[in-house]
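Here is a short report on one protein model. Read it with the structure open beside you.

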Amino acid sequence: MDIRVSRTMRMLLDTFEELASEKGMEDITVTELCERSTVRRNTFYRHFNDKYAFIAFYLQSLAERFMVKAEPGYDLEELSDYARYMHRALIEFIESHQASIRYAFGQSVSVGTIGMIIRHISEGITARIKRESGQDEAIPDEQAELLGYYYSAGMLHTLRWWYFEATPFAPDKLECLCTDFLMCCYARLVSIEREGRHIATSWSKLTRSSSMGS
């Protein structure tokens with residue numbers, strides 16, 4: 001099913017989003033979804049086994065829309081700039097789909113949905129870590145990927161905690177703290193690489209001089 005070209009799917013998705021803003025997603029029935037969207041029940045059941053199969057489809061489409069909408073229209077090469085941009089995009093996303101996001105975090109059906117968003121942000125973060133570290137201080141790919149995933153998953157779950165549990169941080173303060181955390185981790189990885197190369201170079205010189213002396 002391609003939600004970009006299927007008018008029927010778009011009607012169901014839009015109607016479900018309207019209903020989700022009015023009541024709990026668990027309380028939405030197939031009957032009212034079909035009646036409000038003017039989609040026949042037999043058409044619905046041709047595509048989905050039940051309501052929960054549709055909810056999984058809806059959450060996936062929501063993640064896909066976020067990934068398209070959240071991509072900056074200009075190149076944010078700096079790691080810190082990209083992290084701040086994605087932080088704001090996630091806040092806007094959560095605010096626009098509160099009921100859906102709350103449900104997504106609480107249901108096993110959403111593991112793929114949340115994972116899609118994390119992987120998308122992680123790829124952008126990882127690419128910028130590799131670019132920013134450059135040739136001279138290049139961080140190994142596996143470490144860049146680890147930091148990218150660690151930060152992206154942490155940012156998403158931190159925003160869930162911040163938004164739904166009424167924590168005391170102002171949005172700007174939380175953005176600064178999260179970005180500073182990322183940059184501190186990045187700086188530490190660069191420092192580790194420098195130290196490792198310095199030790200390797202010193203050891204190489206030492207072994208060379210020892211062999212020459214013998």
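## Overall build

Helices (H or I, at least four residues) and strands (E, at least two) are DSSP runs, numbered from the N terminus. By that rule the protein has 9 helices and 0 strands. From the N terminus on, its elements run α-α-α-α-α-α-α-α-α.

This is a predicted model: local features need pLDDT of at least 70, side-chain atom pairs count only at pLDDT 80 or more, and totals for chains, interfaces and linings use all residues. Residues are numbered from 1 along each chain as its sequence is written, and side-chain values use heavy atoms, with hydrogens and water left out.

## Surface and contacts

A residue is buried under 20% relative accessible area, exposed over 50%, and partly exposed in between (1.4 Å probe, protein chains only). Of the 214 residues of the protein, 40% count as buried.

A contact means heavy atoms within 4.5 Å. Take the contacts in the protein with a separation of 6 or more: residues 24 or more positions apart account for 69% of them.

Start with helix H2, residues 30–37. Val30, Leu33, Cys34 and Ser37 are buried there. They cover an arc of only 95 degrees around the axis, so they lie on the same side of H2. The arc is that of the directions from the helix axis to the C-beta atoms. The buried residues of H2 pack against helix H1 (7–22), helix H3 (41–47) and helix H4 (51–69). Just after H2, Thr38 takes a positive phi of about 60 degrees.

Now look at helix H6, residues 98–106. Its Ser100, Ile101, Tyr103 and Ala104 are buried. Their arc around the axis is only 160 degrees, which puts them on the same side of H6.

## Aromatic rings

A pair of aromatic rings is described by the distance of the centres and the angle of the planes. Rings of Phe, Tyr and Trp (its six-membered ring) pair if their centres lie within 6.5 Å; planes under 30 degrees apart count as stacked, over 60 as edge-to-face and the rest as tilted. How many aromatic pairs does this rule give? The count comes to 13. In Tyr163 and Phe164 the ring centres are 5.3 Å apart and the planes stand at 85 degrees, so this pair is edge-to-face. Tyr163 is partly exposed, with a relative accessible area of 22%. Elsewhere, ring pairs link Phe16, Phe44, Tyr45, Phe48, Phe54, Phe57 and Tyr58 into a cluster.
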